[in-house]
Amino acid sequence: MKPRFLFLCTGNSARSQMGEAFLRAYAGEHFDVFSAGLEPKGEILPIIQTVMSEVGLSLEKQYSKSVNEYLGKMTFAYTVTVCGGAEEKCPRVFLSMGKHLFWPFKDPAALTGTQEEILAGARTIRDQMDRKIRDWLVEQGIAPAKIA
């Protein structure tokens with residue numbers, strides 16, 4: 001059985017979704033990857049779908065979901081909170097199981113400006129997450145797979 005890996009955020013509409021997609025693409029043979037939100041928005045932000053498709057990753061099989069889908073039903077080897085809000089409010093049950101990592105990234109939903117400026121900001125966050133996940137995998141002795 002592969003270790004389970006959870007990306008946790010507040011809304012599960014952007015950062016945690018990107019983390020789920022990247023880790024699944026890079027190391028899905030090593031981990032079962034999930035994401036969830038403390039207060040899920042019910043959708044993945046369209047701009048996140050756009051910037052992820054630019055790097056060859058589709059989010060069409062992912063959806064915004066509550067952490068309650070997993071509480072008491074699943075244990076995780078790794079729980080990564082990707083925002084300060086989730087870090088502060090994260091149910092301690094997740095932080096007491098396996099390894100807890102805090103990888104804070106700026107919130108794409110909070111980006112302001114023109115559509116092009118928002119898109120550029122979302123790309124920057126995407127690229128930061130991409131780099132962090134690949135670097136973490138290398139630290140674990142796992143060579144990230146190539147994205148098709």
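In which handedness of crossing does H2 pass H5? In this predicted model, where residues are numbered from 1 along each chain as its sequence is written, local features need pLDDT of at least 70, side-chain atom pairs count only at pLDDT 80 or more, and totals for chains, interfaces and linings use all residues. Side-chain values use heavy atoms, with hydrogens and water left out. The crossing of H2 past H5 is right-handed; a crossing has this hand if the near helix is turned clockwise from the far one by less than a right angle, and is left-handed if anticlockwise.

Helices (H or I, at least four residues) and strands (E, at least two) are DSSP runs, numbered from the N terminus. Of the 148 residues in the protein chain, 49% are buried, where buried means under 20% relative accessible area, exposed over 50% and partly exposed in between (1.4 Å probe, protein chains only). Among contacts in the protein chain between residues at least 6 apart in sequence, 72% join residues at least 24 apart; contact here means heavy atoms within 4.5 Å.

Now to the pairing of H2 and H5. The axes of helix H2 (residues 46-54) and helix H5 (residues 115-139) come within 10 Å and cross at roughly 60°, which makes H2 oblique to H5. Axes are lines fitted to C-alpha atoms, for helices over the stretch in contact, and angles run from 0 to 180 degrees between N-to-C directions. Angles under 35 degrees count as roughly parallel, over 145 as roughly antiparallel, 65 to 115 as roughly perpendicular, and the rest as oblique. On the H2 side, the contact is made by Ile 47, Thr 50, Val 51, Met 52 and Glu 54, and on the H5 side by Gln 115, Ile 118, Leu 119, Ala 122, Arg 123 and Arg 126. The residues of this contact of H2 with H5 divide into six nonpolar, two polar and three charged. In this division, Ala, Val, Leu, Ile, Met, Phe, Trp, Tyr, Cys and Pro count as nonpolar, Asp, Glu, Lys and Arg as charged, and the others, Gly among them, as polar.

Ile 47 lies in helix H2 and, at 13% relative accessibility, counts as buried. Leaving aside neighbours within four places in sequence, Ile 47 is in contact with Gln 115, Ile 118, Leu 119 and Ala 122. Ile 47 and Ile 118 are 71 residues apart in sequence, yet 8.4 Å apart in space, C-alpha to C-alpha.

Which residues of H2 are buried? They are Ile 47, Ile 48, Val 51 and Met 52. Seen down the axis of H2, these buried residues fall within an arc of 130°, so they line one face of the helix; the arc is that of the directions from the helix axis to the C-beta atoms. Their cover includes helix H1 (15-27) and H5.

H1 also packs against H5, at an angle of about 40° and with the axes 10 Å apart. That makes H1 oblique to H5, and the crossing of the two is right-handed. Arg 15, Met 18, Gly 19, Phe 22, Leu 23, Tyr 26 and Ala 27 of H1 make the contact with Ile 125, Arg 126, Met 129, Asp 130, Ile 133, Arg 134 and Leu 137 of H5. The residues of this contact of H1 with H5 divide into nine nonpolar, one polar and four charged.

Met 18, in helix H1, counts as buried at 0% relative accessibility. Beyond neighbours within four places in sequence, Met 18 is in contact with Ile 48, Met 52, Pro 108, Ile 125, Arg 126 and Met 129. Met 18 and Arg 126 are 108 residues apart in sequence and 7.1 Å apart in space, C-alpha to C-alpha.

Most residues other than glycine have a negative phi. Asn 12, in the loop between strand E1 (4-9) and H1, has a positive phi of about 50° although it is not a glycine, and counts as buried at 0% relative accessibility. Ile 147, found in the segment after H5, counts as partly exposed at 25% relative accessibility. Not counting residues up to four places away in sequence, Ile 147 touches Phe 22, Ala 25, Tyr 26, Val 55, Gly 56 and Leu 57.
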